[in-house]
Amino acid sequence: MNIDWAALGSVFGVSLVVTVALVGLFTLGIVGLSKQESATASGSGSAALARTGAYACFALCAAAVAYGILLIVA
């Protein structure tokens, strides 16, 4: 049995970077929703902007997951 350590390290590195990016993007979405709630409570006009940004973050997360599934299935 021969293991290609360079390929294994490459897969590990890409997986680590993508995982951290995806978790960070989802966290930004949650922060955006919490900012939207506080902006609504204070009467500020930035509530719609915060909600739109949060939904954009969630949409990017869903797109990344769908792309990963597409790569696995194809």
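Let's start with Phe-26. Not counting residues up to four places away in sequence, Phe-26 touches Phe-58 and Cys-61. Contact here means heavy atoms within 4.5 Å.

A word on the source. This is a predicted model, where local features need pLDDT of at least 70, side-chain atom pairs count only at pLDDT 80 or more, and totals for chains, interfaces and linings use all residues. Numbering runs from 1 along each chain as its sequence is written, and side-chain values use heavy atoms, with hydrogens and water left out.

Now the overall picture. How many helices and strands does the protein have? Two helices and zero strands. These are DSSP runs, numbered from the N terminus: helices are H or I with at least four residues, strands are E with at least two. The radius of gyration is 18 Å, well over the 11 Å that the globule rule gives for 74 residues, so the protein is more spread out than a compact globule. That radius is taken over C-alpha atoms, and the rule is 2.2 Å times the number of residues to the power 0.38. Along its principal axes, the C-alpha trace spans about 65 × 20 × 10 Å. Of the 74 residues, 12% are buried. The cut-offs: buried is under 20% relative accessible area, exposed is over 50%, partly exposed lies in between, with a 1.4 Å probe and protein chains only.

Back to Phe-26. Where does it sit? Phe-26 is in helix 1. Its relative accessible area is 42%, so Phe-26 is partly exposed. For scale along the chain, take Ser-10: the C-alpha atoms of Phe-26 and Ser-10 are 24 Å apart, with a sequence separation of 16 residues.

Next, the rings. The structure holds one aromatic pair. Phe-26 and Phe-58 form that pair, with 5.2 Å centre to centre and 55° between the planes, and it is tilted. Rings of Phe, Tyr and Trp (its six-membered ring) pair if their centres lie within 6.5 Å; planes under 30 degrees apart are stacked, over 60 edge-to-face, the rest tilted. Why does the pair tie together parts that are 32 residues apart in sequence? Because Phe-26 lies in helix 1 and Phe-58 in helix 2. Phe-58 is partly exposed as well, at 22% relative accessible area.

Cys-61 belongs to helix 2. Buried or exposed? Cys-61 has a relative accessible area of 8%, so it is buried. Which residues does Cys-61 touch, not counting those up to four places away in sequence? Leu-22, Leu-25 and Phe-26. Along the chain, Cys-61 and Ala-48 are 13 residues apart, and their C-alpha atoms are separated by 20 Å.

Further along helix 1 we have Gln-36. Helix 1 covers residues 5–42, and Gln-36 is part of it. This residue is buried, because its relative accessible area is 15%. Leaving aside neighbours within four places in sequence, Gln-36 is in contact with Ala-47, Ala-50 and Arg-51.

Last, the chain ends. Met-1 sits in the segment before helix 1. Met-1 counts as exposed, because its relative accessibility is 100%. What about Ala-74? Ala-74 lies in the segment after helix 2, which runs 47–73. Its relative accessibility is 84%, so Ala-74 also counts as exposed.

To recap. Two helices, zero strands. One aromatic pair, with Phe-26 in helix 1 and Phe-58 in helix 2. Cys-61 is buried, and Cys-61 touches Phe-26 too.
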